[in-house]
Amino acid sequence: HHADAAEAIRDGLLATGFDCRLNEPYSGMDGFIDSAGRHGRAVDVPYLLLEVRSDLLVGGSFERVRVRRALLSALGPYLSDLCADDSSRPHSPSSA
């Protein structure tokens with residue numbers, strides 16, 4: 001489980017003004033993260049499930065840009081750390 005990363009990403013999204021909750025209304029910890037969890041464990045990489053309300057993604061371009069910027073802002077530091085730690089991990093098409 002990657003609670004520290006999930007909390008940091010949540011905090012980053014909250015800082016951009018989005019309502020962001022961990023494990024609500026249901027939890028990936030209860031088995032709903034099957035595909036991401038199975039693949040993450042198979043290649044030994046951290047995995048998280050993010051769910052975004054679809055109306056925020058299909059609304060006007062301003063809202064889509066706002067969502068995109070918030071996600072990049074919140075995920076950027078996490079992904080940078082992950083990529084830095086990834087230099088020793090073997091890469092294969094199936095792990096991308």
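Ala70 is placed in helix 4, where a helix is a DSSP run of H or I with at least four residues, numbered from the N terminus. What I am showing is a predicted model, in which local features need pLDDT of at least 70, side-chain atom pairs count only at pLDDT 80 or more, and totals for chains, interfaces and linings use all residues. Residues are numbered from 1 along each chain as its sequence is written, and side-chain values use heavy atoms, with hydrogens and water left out.

Let me stay with Ala70 for a moment. Is Ala70 buried or exposed? Ala70 counts as buried because its relative accessibility is 3%, and the cut-offs are under 20% relative accessible area for buried, over 50% for exposed and partly exposed in between, with a 1.4 Å probe and protein chains only. If we set aside residues up to four places away in sequence, Ala70 touches Leu13, Thr16 and Phe18, contact meaning heavy atoms within 4.5 Å. Ala70 and Phe18 are 52 residues apart in sequence, yet their C-alpha atoms are 8.0 Å apart in space. Phe18 also has Arg66 over its face, at 4.0 Å from the ring centre; for this, CZ of Arg or NZ of Lys has to be within 6 Å of the ring centre and within 35 degrees of the ring normal.

Now to Leu71, which also has its place in helix 4. Leu71 counts as partly exposed, because its relative accessibility is 23%. Leaving out residues up to four places away in sequence, Leu71 touches Leu13, Val52 and Gly76, and its C-alpha lies 8.5 Å from that of Ile9, across 62 residues of sequence.

Which residues make up the largest nonpolar core? There are 11 of them, namely Ala5, Ile9, Leu13, Phe18, Cys20, Leu56, Val67, Ala70, Ala74, Leu75 and Tyr78, a nonpolar core being a set of buried Ala, Val, Leu, Ile, Met, Phe, Trp, Tyr and Cys residues joined through side-chain atoms within 4.5 Å. Helix 1, residues 3-15, and helix 4, residues 61-85, each supply at least two residues of this core, and the largest share, 5 residues, comes from helix 4. One of the core residues, Tyr78, is in contact with Ala5, Ile9, Pro46 and Leu48, once its neighbours within four places in sequence are left aside.

Stepping back to the whole protein, we have 4 helices and 0 strands, following the pattern α-α-α-α along the sequence. Buried residues make up 19% of the 96 residues, and, of the contacts with a separation of 6 or more, 59% join residues 24 or more positions apart.

Finally, a word on confidence. The protein averages a pLDDT of 78, with 79% of the residues scoring at least 70; pLDDT is the predictor's confidence in each residue, from 0 to 100. Over residues 90-96, pLDDT stays under 50, and the model has 3 contacts beyond four places in sequence for that stretch. Where pLDDT is low, the predicted coordinates should not be read in detail.
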